[in-house]
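Open the model in your viewer and get ready to click along. We will go from stop to stop, selecting a few residues each time.

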Amino acid sequence: MTDKRFKLADHFLSTKPWDLFAMVEMGTDRIYHGFWKDMDAEHRKHVPGNQYERAILDYHSHVDGLMANHLRHATAYTAVPVDS
């Protein structure tokens, strides 16, 4: 879903000029609900070496790349606020 939302946003950014464009990616919040125990070694349900141990970090790296792609639409006058 994340890739689809970013692809759609990229389409919008590419097809017309914007005075204001906003996008919310909820995946960066939702992934913590599903995979925190797999990443946090101090969580009571954590299993060291589990297959999802890097899921949150890998997802954030992926989103960083998608955001970098969107920044190609930016100009010197573009403000890009990011909240996590």
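Which residues of α2 are buried? Select Gly27, Ile31 and Asp38: these are the buried residues of α2. Here, buried means under 20% relative accessible area, exposed means over 50%, and partly exposed lies in between (1.4 Å probe, protein chains only). Helices are DSSP runs of H or I with at least four residues, numbered from the N terminus.

Before moving on, a word on what you are looking at. This is a predicted model, in which local features need pLDDT of at least 70 and side-chain atom pairs count only at pLDDT 80 or more, while totals for chains, interfaces and linings use all residues. Residues are numbered from 1 along each chain as its sequence is written, and side-chain values use heavy atoms, with hydrogens and water left out.

**Stop 1: α2 and α3**

The buried residues of α2 pack against α3. The two helices, α2 and α3, pack at an angle of about 155°, with their axes 8 Å apart. Axes are lines fitted to C-alpha atoms, for helices over the stretch in contact, and angles run from 0 to 180 degrees between N-to-C directions. α2 and α3 are therefore roughly antiparallel to each other; that term covers angles over 145 degrees, while roughly parallel covers angles under 35. To see the contact (heavy atoms within 4.5 Å), show side chains including Ile31 and Phe35 of α2 and Ile56 and Tyr59 of α3.

Now look along α2 for a bend: at His33, α2 bends by about 55°. The bend is the angle between axes fitted to the seven residues ending at a residue and the seven starting there.

**Stop 2: the nonpolar core**

Select Phe6, Ile31, Ile56, Tyr59, Val63 and Leu66, the 6 residues of the largest nonpolar core. Such a core is a set of buried Ala, Val, Leu, Ile, Met, Phe, Trp, Tyr and Cys residues joined through side-chain atoms within 4.5 Å. Helix α3 (residues 55-70) supplies the largest share of this core, 4 residues.

**Stop 3: α1 and α3**

Next, show α1 beside α3. Their axes come within 10 Å and cross at roughly 10°. That makes α1 roughly parallel to α3. Among the residues making this contact are Phe6 and Leu13 of α1, with Val63 and Leu66 of α3.

**Stop 4: Glu25**

Go to the loop between α1 (2-15) and α2 (27-39), where you will find Glu25. Is Glu25 buried or exposed? Glu25 is buried, with a relative accessible area of 12%. Its side chain has a polar contact of 3.2 Å with the side chain of Thr2 and one of 3.1 Å with that of Tyr59. A polar contact is a pair of N or O atoms within 3.5 Å; within protein, one must be able to donate a hydrogen and the other to accept it, and residues adjacent in sequence count only if both atoms are side-chain atoms.

**Stop 5: Trp18**

Trp18 is also in the loop between α1 and α2. With a relative accessible area of 36%, Trp18 is partly exposed. A polar atom of the Trp18 side chain lies 2.9 Å from the backbone oxygen of Phe12.

**Last stop: Ala41**

Finally, select Ala41 in the loop between α2 and α3. Ala41 is exposed, with a relative accessible area of 62%.

Terms used:
Angles under 35 degrees count as roughly parallel, over 145 as roughly antiparallel, 65 to 115 as roughly perpendicular and the rest as oblique.
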